[in-house]
Amino acid sequence: MTSVRTTCAYCGVGCGVLATPTGERGVTIKGDPDHPANAGKLCSKGTHLGETIGLEGRLLTPMIGQRRASWDKALDLVARRFRDTIAQYGPNSVAFYVSGQLLTEDYYVANKLMKGFIGSANIDTNSRLCMASAVAGHTRAFGEDIVPAAYDDLDVADLIVLVGSNTAWCHPIVYQRIRARCEADAKLVVIDPRRTETADEADLHLAIRPGTDVALMNGLLAWCRDAGVVDHDYLTRHVATPDAFWDQVGDGSDLWSVARTCDVSPQDLRRFFELFAATPRTVTLFSQGVNQSLSGTDQVNAITNLHLATGRIGKPGAAPFSITGQPNAMGGREVGGLASSLAAHMDFAPENVARVGRFWAAPNMATKPGLKAVDLFRELGTGRIKALWVMATNPAVSMPDAGSVREALAACPFVVVSDVVATTDTSVHAHVRLPAAAWGEKDGTVTNSDRTISRQRAFLAAPGEAKPDWWIVSQVGRRMGWKSAFPYDRPAEIWREHCRLSAYENNGARLFALPGHAAKGNAEYDAMTPFRWGGTPFADGRFSTPDGRARLIPVEQKPVAAPLKQWPMTLNTGRYRDQWHSMTRTGLSPKLARHREEPLVEIHPDDAARLGIVDGGLARVSTPQGDSVFRASVAATQRIRELFVPIHWTDRTATGGRAGLLPRPLADPISGQPGFKSTPVRIEAVATEWRGFIVVRGELARRPDCLWATRVAVPCGTAWDMAGDGDAAALEALLPKGQRIEAIDSARGSRRIAILDNGRLAAVLFVTRDATLPPRDWLVAQLNEPVAAPTLLAGRAPGVQVDRGPIVCACFDVGLKTILTAIADQHLADVPAIGAALNAGTNCGSCRPALAKLLVTQGSAHVA
Ligand SMILES: Nc1nc2c(c(=O)[nH]1)N[C@H]1C(S)=C(S)[C@@H](COP(=O)(O)OP(=O)(O)OC[C@H]3O[C@@H](n4cnc5c(=O)[nH]c(N)nc54)[C@H](O)[C@@H]3O)O[C@H]1N2
Ligand SMILES: Nc1nc2c(c(=O)[nH]1)N[C@H]1C(S)=C(S)[C@@H](COP(=O)(O)OP(=O)(O)OC[C@H]3O[C@@H](n4cnc5c(=O)[nH]c(N)nc54)[C@H](O)[C@@H]3O)O[C@H]1N2
Ligand code: SF4
Ligand SMILES: [Mo]
């Protein structure tokens, strides 16, 4: 079979992938050595893409309610309900909520339908939760949403500052590039309240108080001015500086008050300031710790101010670098998928509305911005939005105050969900579900963090009746009466139109322009190799503002709110290395499950001791919006009074661990991006009486109904880790039918049941009150054995056991205990030595920071 060149389904690094089909629904995945983003490397998520393309859980036919429907019926219904709603209540009574995981062609068509034909701008995207502050900050500073950096800049920078970015976990291939540069001779500074694995490896980590980035950056700017590194010549020629800008920046000598606000040591702060001032080739890379804040836009501009004032922009190795989350967050911005932009980097200025209207020959141009995500779902709740179409996102999980979002979805008269999986927390509220073709089945383009546009290509046939998103939207457009506007038969046609619009009446005012590409024929489009648009933006000092000058934006640190009596702590939310958002894909991979199997609330040891919370116990995290139970992880990497929880678990995968229920539905006033990173919160220990697990071939028919249950993908099946109170006997009803063997020890509240199916293990249930539970690895492996072992109920093989501990290296399946033993016994001194001994860390490299950390802890254990 020949390999197909495509791009990874996950993050905004945008790695090139070589996919080689191996028969029906099988594929081997390798990094594409010719792709500029990754030069052949892939992280753990990319490496294991092959495990996620199975058909389990897929939505394979259109559904109206719980009934299968033909495409004709479903599409007609969607078109009719949208048309009728618009006829009765006007265009602003309907909305689309779309995603940075759509391809550019899908996105373009959805945006065109809403903004040019339905006549509303009520189309917003999950990028609102992700990149909106960067978009607003870029627009304020540069006059256009341009990321003025490329990955190549990292190779020549002398200082790399990571602000609110857990790059080692969230953009691992970019991180490997950063490490390579730092191992040569660059310095790395990490600014993050948590000591992440990224921070662990930095030359300097500033664990600032959350939400004090503006104070830090303003302090640094004042320091730079006093140190004489402000580039006055650059400012005079290329930047508009508002009156009194410098007055509000503050006094560069007042390091102590900055240190107090940010709660870091003045010594560390000084080190950072001196390093920054002394290093012209600096890249400041930032992500959600900056964007997802009620002051997100100001925080972005605090960073652009620094780079503009020191002239560190438009030059090799010097740039502010907003790194994007989703694979096509950038493509979405290019087509104008946000409610606040129109199309092709144009806003709603009347001449733009007229221009795009001319280009589309649009009958009903939207003339002003639509509802931003948080407002959109609020309006859904009030009943003003009466028909909603959700594509490629799961707002019932990922929106702030997700409990209210669910109520709003449940109350909405008409909800359409296009997704690849049959049941999501959002699609349970859908009146119509439309089966979308998934990664590997669809064709189009994506734009990564550094403006590189790459093709995604199909290497599998779409299963069942699944169809690409652009097709689905075009069909609805046609059926709503706009046949000639949505005539597309293939993504290449949409691509050409998108490129023509980018260049249409564009005399250079908009940097985003792909004129040469509008002429690409179908074959050329199919053969397209990755290219970066925009060259080195602003290299000539000209910006996309009317006067060609960039803007310094006065920004002020907001007072840090005092802790509230009832909600005395602060909740931070974010990502795990090996899971992707609501886990619809990564949740299928047993290998990826091994890194972090359950949703943990990380809490500082002092707080845990004060509140009686123990490592591995359960704890309830509450905010005024809602509460959810997590397993506690007591970790000195947290600041005191600050908690961290992951965003990945849903109703499908756990009874608790629902981060989305907790944040407030509050957003940055300029960008509309929610402040996901700091919510006033409280936590309390939750007592349980028993714990246990189920291991089952395939899936359980339904989720165990107990205080704590989390689903873990395992080879050939599923495991559920559980804890609860009261009687655990009800769990037995979940087990499949078959021959049953059991061992009950009532004194210790222990119950072990195995179900055999023709002599093979089909399921086990182990529960105990006081006794220990065996690790479930061996039982999981038994699912694959043709004949059940006689020691099933012991939970282990006859003879000696090796407990490998939690898996650190997902590629080679190497456990923590194996690594620690090897470090001690074989005197392994560095990460390559661990690689030579155990293979760990030698494939995708995502676990290398974890290995480095083990060497340090194990080393100190030796000394002790
Ligand atoms: N493994 C994995 N990778 C992913 C994703 C995934 O789901 N899983 N998702 C992708 C997407 S869509 C996105 S948007 C990116 C997100 O990538 P990141 O932004 O790197 O990830 P997060 O974990 O959301 O948050 C980053 C860090 O911000 C810190 N932070 C919190 N508050 C503050 C603050 O006030 N100031 C500062 N300076 N820092 C703060 C947090 O402690 C956290 O470590 O990841 C992408 N990559
Ligand atoms: N508390 C908290 N909340 C957050 C964040 C945080 O840090 N903290 N981060 C926010 C950020 S940055 C982001 S990006 C969001 C992500 O949040 P979501 O976008 O809600 O998360 P996903 O799980 O990626 O949802 C994508 C959905 O699209 C489906 N899908 C995949 N491919 C396709 C396709 O080709 N077509 C269609 N139609 N469907 C497809 C998947 O099955 C899945 O259901 O979460 C946000 N929410
Ligand atoms: S860094 Fe990992 S998840 Fe991101 S695009 Fe590359 S392989 Fe995919
Ligand atoms: Mo994101």
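**Ligand 1**

I began with the side chain of Asn 572: one of its N or O atoms is 2.9 Å from an oxygen atom of ligand 1. The model is predicted, so I read each distance as a property of that model. I then listed the surroundings of ligand 1 and got 34 residues. Asp 192, Gly 211, Ser 287, Arg 575 and Gln 579 are the closest of them.

Which atom of ligand 1 does the backbone of Gln 579 approach? I found a nitrogen atom of the ligand, 2.6 Å from a backbone N or O atom of Gln 579. I also looked up Asn 166, where a backbone N or O atom lies 2.8 Å from an oxygen atom of ligand 1. My notes for this ligand therefore hold a side-chain contact from Asn 572 and backbone contacts from Asn 166 and Gln 579, with 3.5 Å as the cut-off for a polar contact.

**Ligand 2**

I counted 30 residues around ligand 2. Those that come nearest are Gln 101, Asn 126, Ser 398, Asp 419 and Ser 582. I checked the side chains next. Gln 101 places a polar side-chain atom 2.7 Å from an oxygen atom of ligand 2. For Asn 126 I noted a polar side-chain atom at 2.7 Å from an oxygen atom of the ligand. Lys 442 has a side-chain N or O atom 3.0 Å from an oxygen atom of ligand 2.

**Ligand 3**

Where does ligand 3 sit? I placed it in the largest cavity. Helix H1 (44-47) and helix H7 (172-184) are the elements that each give two or more residues to its shell. I wrote down the shell: Cys 8, Tyr 10, Cys 11, Val 13, Gly 14, Cys 15, Leu 42, Cys 43, Lys 45, Gly 46, Pro 172 and Ile 173. Sorted by class, the shell comes to 9 nonpolar, 2 polar and 1 charged residues.

**Sheet E1-E2-E3**

I traced an open sheet of 3 strands, ordered E1-E2-E3 and paired antiparallel. Strand E1 (4-7) and strand E3 (27-31) are its edges, each pairing on one side only. From one strand to the next the twist averages 35 degrees. I followed strand E2 (residues 16-21) along E3 and found 5 bridges, with the two running antiparallel. Leu 18 has Lys 30 in E3 as its bridge partner.

**Sheet E10-E9-E8-E12-E13**

I looked up a second open sheet, in which 5 strands follow the order E10-E9-E8-E12-E13 with parallel pairing. Its edge strands are E10 (204-206) and E13 (319-322), and each pairs on one side only. Here I noted an average twist of 15 degrees from one strand to the next. Strand E8 (residues 159-163) pairs with strand E12 (residues 282-286) in the parallel sense over 5 bridges. Within that pair, Val 161 stands opposite Thr 284 in E12.

**Strand E26**

Last, I checked the partners of strand E26 (residues 679-686). Strand E21 (residues 569-574) runs antiparallel to E26 and is joined to it by 3 bridges. Thr 570 has Pro 680 in E26 as its bridge partner. Strand E23 (residues 618-623) also pairs with E26 in the antiparallel sense, over 5 bridges. There I found Ser 622 opposite Arg 682 in E26.

Key:
Residues numbered from 1 in each chain as written. Chains lettered and ligands numbered in written order. Predicted model: local features only at pLDDT ≥ 70, side-chain atom pairs only at ≥ 80, totals over all residues. Heavy atoms only, no water. Near = heavy atom within 4 Å. 1 Å grid on protein atoms, 1.4 Å probe; cavity = no way out; pocket = protein on both sides within 12 Å on 5 of 7 lines; lining within 4 Å. Sits in = over half its atoms within 2 Å of the grid points. Helix = DSSP H or I, 4+ residues; strand = E, 2+ residues; numbered from the N terminus. Nonpolar A, V, L, I, M, F, W, Y, C, P; charged D, E, K, R; others polar. Pairing = 2+ DSSP bridges. Axes fitted to C-alpha atoms, helices over the stretch in contact; angles between N-to-C directions. Polar contact = N/O pair within 3.5 Å; in protein donor to acceptor, adjacent residues only side chain to side chain.
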